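Trainee: Could you help me learn to read a structure that is new to me?
Mentor: Gladly; let us look together.

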Amino acid sequence: MKKSETPAGQICPFCTLPPSQVVLANTTCLAFFDRAPVTPGHLLIIPRAHRLDWFALTPAEQQDMADLVRRGKALLAAKYHPAGYNIGLNCGAVAGQTVFHCHCHLIPRYVGDTPNPRGGVRGVIPVRQHE
């Protein structure tokens, strides 16, 4: 399997992202709007190099990803005016990762976008969300 292929041998969709979709970038990472957003403005932040997950990133890539999370928040605040944010990475199939190129979700949250947001990212296991 080549580094730009998925486990099924398909070409990685993030490695073939058209440059016109990039909204933020730095030395090692870039950001673009999710094609299937959870909420309006949902950003994905990825390393330029094909890396499996957060734990495969170099320290510089981790720092650059954090930089784009901060810059992405500023962009979303100015354009969409959300009331909050969720930041998340799925690392491994059992954690819900479906694209095996590291990507960080920056999801803007809006008042009323869910009936009860309590527990936030704990909702990855629904019975634990409201504990």
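Mentor: We will talk through the sheet, then the cysteines. This is a predicted model, where local features need pLDDT of at least 70, side-chain atom pairs count only at pLDDT 80 or more, and totals for chains, interfaces and linings use all residues. Residues are numbered from 1 along each chain as its sequence is written, and side-chain values use heavy atoms, leaving out hydrogens and water.

Trainee: What order do the strands of the open sheet have?

Mentor: Strands are DSSP runs (E, at least two residues), numbered from the N terminus, and two of them pair if DSSP finds at least two bridges between them. Here, five strands form an open sheet in the order E1-E2-E3-E5-E4, with antiparallel pairing. Strand E1 (22-25) and strand E4 (84-89) are at the edges with a single partner strand each, so one side of each has no neighbour in the sheet.

Trainee: How many bridges join strand E2 to strand E3?

Mentor: Five bridges link E2 (residues 29-33) with E3 (residues 43-47), and the two run antiparallel. Among the partners, Cys29 is bridged to Pro47 in E3.

Trainee: How many disulfides does the structure hold?

Mentor: A disulfide is a pair of cysteine sulfur atoms within 2.5 Å. The structure has zero disulfides. For Cys102, the nearest cysteine sulfur belongs to Cys91, 6.4 Å away. For Cys104, the nearest is that of Cys102, at 7.6 Å.

Trainee: Is Cys102 buried or exposed?

Mentor: Buried means under 20% relative accessible area, exposed over 50%, and partly exposed in between (1.4 Å probe, protein chains only). Cys102 is buried, at 1% relative accessibility. Cys104 is buried too, with a relative accessible area of 2%.

How values were computed
Helix = DSSP H or I, 4+ residues; strand = E, 2+ residues; numbered from the N terminus.
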